[in-house]
Amino acid sequence: MFTLNRKTLSGSTLIVLAILLVAVLALVNTLFRGARIDLTENNLYTLSDGTKSIVSEIEEPINLYFYFSDKASADVPFLRNYANRVRELLEEIAAKSKGKIRLSVIDPQPFSEDEDRASEAGLQAVPVGQGGNSIFFGLAGTNALDGKAVIPFFSPDKESFLEYDVAKMINGLKSDKKIAVGVISSLNIAPGFDPATRGMREGWAAYTQLSDIFDMRMLNPEATTKIDPEISTLLLVHPKTLSDDTLYAIDQFVLRGGRLMVFVDPSGEQDQSGADPENPQAAMFASKSSDLPKLFKAWGINYDPNQIVLDAGNALPIQINPAAPPVQHLAIMGYRKDNLNHDEVTTAQLDTINFSTAGQFSLAESSPLKLVSLVQSSGDAMLTESDRIKFMQDPSTLYEGFKATNERYVLAGRLYGKLKTAFPEKSGPDHLAESKEDANLVVVADTDVLSDRLWVQMQNFFGQKLINAFADNGDFVINVVDNMAGNSALIGIRSRGVSARPFTTVEAIRRKAEQDYRNKEQELQQELADTERKLNELQANKSTDNAMILSPEQQRELEQFQQDKLKIRKDLRNVQHDLDKDIESLGSRLKLLNILVLPLLLTLAVFGLHHFLRRRA
Amino acid sequence: MSLIRILFKRELASYFATPVAYVFIAIFLVLAMAFSFYLGGLYERGQADLQPFFNFHPWMFLFLVPAIAMRLWAEERKSGSIELLLTLPVTLWQAVFGKFLAAWAFIGIALLLTVPIWITVNYLGDPDNGAILAGYFSSFLMAGAFLAVGSCLSAVTRNQVIAFILTVVVCFLLMLSGFSLVLDFFSGLNLPQAVIDAIAGMSFLTHANAIGKGVLDLRDILYFTLMIAFWLYATAIVIDMKKAD
């Protein structure tokens, strides 16, 4: 028999406790994965509901390979930060997938098999940093059905769409069937037989590009009474002669949750209606506008097929007469970054979209929908009758009576919300009176935006057709259809804020200082030029009068000028030198305040407060 | 509970009764600011966040918190006032907890007084204030963990200097265990990944960094809570063991 003394008991208790602590901490680490509160303003570290629902629907396992050149990127900290963020997002997604997503993080070393595999998967090696090291920073994915997808490089300037891009890739890997997209069009956008030339007609470039990605199905505008349930996205281009049955089919399609893209146009230049070989005038007088009055009215969308937008802020120069300079055409507009919505994934990465004789949309007050603009005119714009375009010879006549309204018109927009049917009188077993979930629509007030002449040049290269795009109209259409045809959860993933936050105050000071510098520089340059000119004059006078001898006055003046010149040069150097002075002095003031003044004041304040409280007590 | 509150109040008031407290606060503030502005380049890097400020907190706490913690028990033992304290109608646990809370609150006050730097970045740009709040929270939790370690080691000896050095060393080890330097060494030994993860998981730094990003992860909060609880319990055991000495 022996008794443990108190000390050994306590000592061993401590050791047991320490081991227990390590074990419990390890357990906690695995048990409470993902239990977190995100305090960042843009919820940078929280998956959106859209991504969660996409991930939770995965049936067959998906393998993701995240390649990041860890060692090679040692001296590029900003890229490493972003890589960390990407990796955390992927880990979070994998954790939410209940084991359906298998994530491998790979650091491809130079000349290794991993590097070969990365290149093979389609990743881009990007040379970064001074060492000229090539860095792999991308994601490759495979599914059980030999499906492959890749994000070649995670570009930090696309950070706000990181989650969308990854979710889209995963969504694409979930099945390998091409998504069916229905098309109802009164224009000949698809390839087919052309009765006029009795030959085959090629489809529009935008359509050709779409059919590479999607299973495009042309539907009859007059005889479609029901839209195939396989079709989840419908493209409606220049609707003119839709039967009531077709309209009803579209109405029900949208209420069922089908995604609809409508292209209407007050003046469709590709509209051949009225073309009659017997009467060439007929086509000129035929209406070239399209509208969807019944459905637009029910949805509360205001659109006037008789009005077009004139936009002086974005008018494109058009060459009418080869001998004269090009004319700004107020109705043919090139929309750039300022007019495209940066927060929408479909337009954020685009540079230019060209429009021609476009209309505009707004929402009626009674509308149940919300409108998010995708393309907006500048404020230097107005509306005018579309008839003015019809017989117009000279586009400069559009300037007559032009008066900017300062309103920014919506030329293309995304709509969402709960809808009611436009056919309340109908009934039936499948009839829906209102939509169960939010309907998703995209409306574009121009059909020419799809036509080749606004965005591509076709080249024949040894029988091979080359598409040379000069605007992003095609990408815009593909982005929208891609976004609409995707999982509805995908549409919901908004862009996130970027984590960079510059010092706005300092930037403002810098901008102001630069402005001041430019002004001062110009002023001094002018003075310098004047002085030099005077000096030259003096010299010139001197040589004609008495070439060799300088009068004492001249001598003085010459010296004065030379001194002025030196002084101005010095001033200019000082101005340049002072450029950052304001910023530096603000920095010094802030440092002094933060490092010395405030700490001492605050310490004194605590001292005072303590004594005050003690005296009161 | 009210006993803890009384003890807490008495202890906290006693901090401010001596000039040491004010010297400590002044040093803490000046150092924190000087580090963030000069070593961290807070102004020059032009980003409206407090990353350079929080980055130096672990290193400052490494020396400043043990300085506060060293007198928690060592002084009481040296002056013999511990006998008096333990004869009061407070349990040992209440005494340990009350003293700890008072010291923690004192550090919290010092931390609160860094508010000018928060105002500064809000003046300079548009920072993510949620992330900054999380930064302060993680900094405070980490200080608590350092303090709990110091509390225990201060109970081990009656010499304050020894208590200080011991605390610095133990805290330093706990901090380092998350560094790639240490982890590389362990992975060089071909230990199983789980063991290496467990070692990394013991680090103050990894957990504080995770919170500082703006995400309150239950795992990180539990880590600090368990750490504090363990070291405080150890304090009680050590005092109990040493009672006889």
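## Terms and basis of the model

Contact here means heavy atoms within 4.5 Å, and helices (H or I, at least four residues) and strands (E, at least two) are DSSP runs numbered from the N terminus. The structure is a predicted model, in which local features need pLDDT of at least 70 and side-chain atom pairs count only at pLDDT 80 or more, while totals for chains, interfaces and linings use all residues. Residues are numbered from 1 along each chain as its sequence is written, chains are lettered from A and ligands numbered from 1 in the order in which they are written, and side-chain values use heavy atoms, with hydrogens and water left out.

## Helices α1 and α4 of chain B

In chain B, residues B:R10, B:E11 and B:Y15 of α1(B) are in contact with B:I68, B:R71, B:L72 and B:E76 of α4(B). By class, this contact of α1(B) with α4(B) has three nonpolar, no polar and four charged residues (Ala, Val, Leu, Ile, Met, Phe, Trp, Tyr, Cys and Pro count as nonpolar, Asp, Glu, Lys and Arg as charged, and the others, Gly among them, as polar).

Helix α1 of chain B spans residues 2–17 and helix α4 of chain B residues 57–79, and their axes come within 13 Å and cross at roughly 115 degrees; axes are lines fitted to C-alpha atoms, for helices over the stretch in contact, and angles run from 0 to 180 degrees between N-to-C directions. The two helices, α1(B) and α4(B), are therefore roughly perpendicular to each other, a term that covers 65 to 115 degrees. The crossing of α1(B) past α4(B) is right-handed, that is, the near helix is turned clockwise from the far one by less than a right angle.

## A three-stranded sheet in chain A

Chain A holds an open sheet of three strands in the order β15-β16-β17, with antiparallel pairing, where two strands pair if DSSP finds at least two bridges between them. The edge strands of chain A, β15 (315–318) and β17 (353–356), each pair on one side only, and the twist averages 50 degrees from one strand to the next.

Strand β16 of chain A (residues 327–335) is joined to β17(A) by four bridges, the two running antiparallel, and A:G334 has A:N354 in β17(A) as its bridge partner.

## The chains as a whole

Chain A comprises 15 helices and 24 strands, and 43% of its 617 residues count as buried, meaning under 20% relative accessible area (1.4 Å probe, protein chains only). In chain B there are 13 helices and one strand, and 55% of the 245 residues of chain B are buried.

Conventions
Parallel < 35°, antiparallel > 145°, perpendicular 65-115°, else oblique. Buried < 20%, exposed > 50% of the residue type's maximum accessible area, 1.4 Å probe, protein only.
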